[in-house]
Each structure stands twice: as C-alpha cells, then as structure tokens.
Amino acid sequence: MVKLERLRPDHADALLSFERTNRAYFARFISDRGDTYFAEFAARLKALLAEQEAGVCHFHVILDAEGELIGRVNLVDVTEDGSAVLGYRVAESAAGRGVATAAVAAVCRLAATTYGLTSLTAGASLDNPASRTVLERSGFTAEGETTVGGRPGLAYRLAHL
C-alpha cells in the first residue's frame, strides 16, 4: 500500500510541492512552518540530509502505489541510548486510508532493525484524534500531557521495538 524511502536530494521538488499543497491542512493540527521554511527550503533540506548522514535523524518520504509523495515519517533526536522522537504527516488526499498507520509500522520496523533503536516517543495534539489513534494502534502508550505546536496534547512512548 505504501512505500518508505529514505530522504534523498532528488525528493526535493516533490517534497516541497507536498508541503505547499498541504500547508493549510497541516496548520489545522500542528503549528504552521511559516513562510521562511518555504523560502529557505533548499538550505533546510541540505541541513536535514547532513543530520541524517551524521546519524542523528532518519527522514523518510511516503510514496503511494503510483510513486507519488503522500507523506513523511521521521525519527529525530536519536540518542546514544537508542531512543528517538517519531513524527509524521500525511497529505490531506491520503488521510483516513491507513497510510499513517502503515508508515508508522514500517518506520518502527526500521527503527528496531536498521537503526538499532530500542524506544520511540511521539506527541499528538488533543485536537488531532486521528494521529492519537495511529499511535495507539501502533503500540504507543500515552504517558501524560504535553504541548504539541503550542496546543494541548499527549506524550506517547513505545518502549519495546
């Protein structure tokens, strides 16, 4: 149903288009990236790829059956003790079709096998029940209140990959 690819420089145009097309949709659930993000996209992508090369983050794009970029799923702030923070976003056109659940499951497998991670954390705002459902279906447990993009939310943990 979905395919994950590790972020590469040749994803730049499709990724920028994805972010622009879904900007208003994403802003309904998380804080907006701001105009600077789009104006400085090339430099930002270069910095992300450098972080990935250094092993402190693992960025992925989500592709549909036709190869269209329909989302992102990332592991950031990788620590020496084997933990990382999970983040994801799926295009409005792909929402509600199991894409996020499939992508999170795939990246959790990569986290355990390819990246050698042992635990993941994530957050979801209270006004984003779909994201909370994805995390719970993926085995994450709510651990308390937090703030996500300036909004009240829940902190989640997946302790055993």
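S83 touches D77, V78, L117 and S119, not counting residues up to four places away in sequence; contact here means heavy atoms within 4.5 Å. The model is predicted: local features need pLDDT of at least 70, side-chain atom pairs count only at pLDDT 80 or more, and totals for chains, interfaces and linings use all residues. Residues are numbered from 1 along each chain as its sequence is written, and side-chain values use heavy atoms, with hydrogens and water left out.

- S83 belongs to strand β4 (residues 83–90); helices (H or I, at least four residues) and strands (E, at least two) are DSSP runs, numbered from the N terminus.
- With a relative accessible area of 17%, S83 is buried; buried means under 20% relative accessible area, exposed over 50%, and partly exposed in between (1.4 Å probe, protein chains only).
- The side chains of S83 and T79 are joined by a polar contact of 2.8 Å, and the side chain of S83 makes another polar contact, of 3.2 Å, with the side chain of D81.
- A polar contact is a pair of N or O atoms within 3.5 Å; within protein, one must be able to donate a hydrogen and the other to accept it, and residues adjacent in sequence count only if both atoms are side-chain atoms.

**The sheet**

- An open sheet is formed by 7 strands in the order β1-β2-β3-β4-β5-β7-β6, with mixed pairing; two strands pair if DSSP finds at least two bridges between them.
- Its edge strands are β1 (3–6) and β6 (141–148), each of which pairs on one side only.
- From one strand to the next, the twist averages 30°.
- Strands β4 and β5 (residues 119–125) run parallel and are joined by 3 bridges; S83 stands opposite S119 in β5.
- Helix α4 packs on the sheet, touching β1, β2 (58–63) and β3, and its direction makes about 115° with that of β2.
- Helix α5 (residues 99–113) also packs on the sheet, where it touches β1, β2, β3, β4, β5 and β7 (151–158); the direction of α5 makes about 155° with that of β4.
- For these angles, axes are lines fitted to C-alpha atoms, for helices over the stretch in contact, and angles run from 0 to 180 degrees between N-to-C directions.

**Helix α1**

- A12, L15, L16, F18 and E19 are buried in helix α1 (residues 12–21).
- These residues cover an arc of only 160° around the axis, which puts them on the same side of α1; the arc is that of the directions from the helix axis to the C-beta atoms.
- D13, R20 and T21 are exposed on the other side of α1.
- The packing partners of the buried α1 residues are α2 (23–27), α3 (35–39), α4 (41–54), β3 (69–76) and β4.

**Salt bridges**

- The structure holds 11 salt bridges, a salt bridge being a side-chain nitrogen of Lys or Arg within 4 Å of a carboxyl oxygen of Asp or Glu.
- R33 forms a salt bridge with E19, with the closest N and O atoms 3.3 Å apart; R33 lies in the loop between α2 and α3 and E19 in helix α1, so the pair ties together parts that are 14 residues apart in sequence.
- E19 also forms a salt bridge with R72, with the closest N and O atoms 2.8 Å apart; because E19 lies in helix α1 and R72 in strand β3, this pair ties together parts that are 53 residues apart in sequence.
- Both E19 and R72 are buried, whereas R33 counts as partly exposed at 31% relative accessibility.
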